[in-house]
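Biologist: Hi! I'm new to this one, could you walk me through it?
Modeller: Happy to. Let me put it on the screen, and then ask away.

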Amino acid sequence: MLQSIRHLGATTTAFVYHLGRITLFALAIARAVVTPPARFRVFINEIFNLGVLSLVIVGVCGLVVGMVLGLQGYNTLVRFGAEESLGAVVGLSLIRELGPVLTALLTTGRAGSATAAEIGAMVRTEQLDGLRMMSIDPMHLVVSPKVLAMIAVMPLLTALFIVCGLGGGYFVGVNLKGVDAGSYWSSLHANVVFSDDIAGSMLKALIFGILVALVSTYRGYTCAPTAAGVSSATTSTVVVASVAIFISDYFITALWGV
Amino acid sequence: MNQGSTRDLIVGLFVLAGLIALAFLSLSVGGLSLRNNGGMMLYANFDQIGGLKPRAPVMISGVKVGQVEMIKLADDFRARVELDVDPKLQLPVDSSASILTAGLLGDQYILLQPGGEEAVLKAGEEIEMTESAVILERLIGQFIHNTNIEKAGPE
């Protein structure tokens, strides 16, 4: 009994401790970002690693999610004779919810885990200490370009995911199920509003990008310098970032009605 | 160096593709217009607009010629609807506007019925003749009322 209460206390303390550390870590990144010189070459390479290499998985998943939405949406709407609204159903669910969330989850699995493992391996092989020996701040050379690149690619990947999904929904709805092509697009156009739906979607993508970037670099940077440490940093990146995405998604939707 | 420039090209293409996707979503799907003076603004006052929403299509003979820009309450408690239509449109001054529904449960739209006058409407002018949206509940209410009168009549 006492043991379980003690365990609860330790968990709570650890949570608050990590929350404080990650905030300080974010401030250190912000300071490193504004410190010259700008690491533009590293930033480009990170966009390649995090963005371009995630492109195929994001595109394929977007297409398939759109196709599933087209099929499910059609089967539900046809019961009410409202299959003309398929475009709006596919578009609004992709833009407002599924696009940002699924892209963030995919990017966590594909790029966030890789980031944590890479920085973790650098910690383990004392490469970061080597950089410090040469009086190069690893926050400046290693961490901050990764964080910036992750924040930059997330809205782009989300937009590509949504466009692929709209294409997938169009293919299933119009080509396979025989919904009129014009009513698919017109219901989409009539129901999606830029200032509400698209801007909100991009806001979500931006916040998720910041979350994934912070969690993955923090977990990698603070991992124990052992093989088990690197593996647990990778695992906890995926778990913590995914849970954080879902929780923050609820609050963004509740607060701003996106 | 060669490998580096190939990578730059790929990254550039990726960013370009992302921005094009974003532009497509914003401009085409989201209906964000960069220019605000492209269309001709016309006004119409309705007694009842039903479920008409901004961005609803404005049609003539079923062809889309514009969209509803804004809806607000006028001083005389009627609904003032701002229509953004094609500036090339030569609409006679005695044209009328009605709010109709596409299908039984579909979205509402505005149908313009061109009149026969020589003079045409210019930007900022008002369409005088309007026909309000049909409220289904009111129609059913009227129907029930009428059948009751018929039943009561012979007695």
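Biologist: How many Å separate the centres of domain 1 and domain 2 of chain B?
Modeller: In this predicted model, the two centres are 40 Å apart, taken over C-alpha atoms.

Biologist: And which residues belong to each domain of chain B?
Modeller: Domain 1 covers 1-32, and domain 2 covers 40-141.

Biologist: What is chain B built from, in helices and strands?
Modeller: There are 2 helices and 8 strands in chain B. Starting at the N terminus, the elements follow the pattern α-β-β-β-β-β-β-β-β-α.

Biologist: In what order do the strands sit in the sheet?
Modeller: The 8 strands of chain B make an open sheet with mixed pairing, ordered E7-E1-E4-E3-E2-E6-E5-E8. At the edges you find strand E7 (126-127) and strand E8 (129-131) of chain B, each pairing on one side only.

Biologist: What about E2 and E6 of chain B, parallel or antiparallel?
Modeller: Those are parallel: strand E2 (residues 57-60) pairs with strand E6 (residues 108-113) of chain B over 2 bridges. Here B:Met59 has B:Leu111 in E6(B) as its bridge partner.

Biologist: How many bridges join E5 of chain B to E6(B)?
Modeller: There are 6, and strand E5 (residues 96-101) of chain B runs antiparallel to E6(B). One pair to look at is B:Ser96 with its bridge partner B:Gln113 in E6(B).

Biologist: What holds paired strands together in general?
Modeller: Strands of a sheet pair through backbone hydrogen bonds, in either the parallel or the antiparallel sense.

Biologist: How much of chain B is buried?
Modeller: Of the 155 residues in chain B, 24% are buried. Among the chain B contacts with a separation of 6 or more, 61% are between residues 24 or more positions apart.

Biologist: Switching topic: how many residues of each chain take part in the contact between A and B?
Modeller: Chain A contributes 23 residues and chain B contributes 23 residues.

Biologist: Which helices of chain A supply at least two residues on that side?
Modeller: Helix H2 (40-50), helix H6 (138-176), helix H7 (181-191) and helix H8 (194-221) of chain A each do. H6(A) gives the most, with 6 residues.

Biologist: What kinds of residues are on the side of chain A that touches chain B, nonpolar, polar or charged?
Modeller: That side has 18 nonpolar, 3 polar and 2 charged residues.

Biologist: You mentioned H2(A). Which of its residues are buried?
Modeller: The buried ones in H2(A) are A:Glu46, A:Ile47 and A:Leu50. They lie on the same side of H2(A), because they cover an arc of only 105° around the axis.

Definitions and conventions:
Residues numbered from 1 in each chain as written. Chains lettered and ligands numbered in written order. Predicted model: local features only at pLDDT ≥ 70, side-chain atom pairs only at ≥ 80, totals over all residues. Domains from an automatic or database assignment. Contact = placed C-beta atoms within 7 Å. Helix = DSSP H or I, 4+ residues; strand = E, 2+ residues; numbered from the N terminus. Nonpolar A, V, L, I, M, F, W, Y, C, P; charged D, E, K, R; others polar. Pairing = 2+ DSSP bridges. Buried ≥ 20, exposed ≤ 12 C-beta atoms within 10 Å, placed from the backbone. Arc of directions from axis to C-beta.
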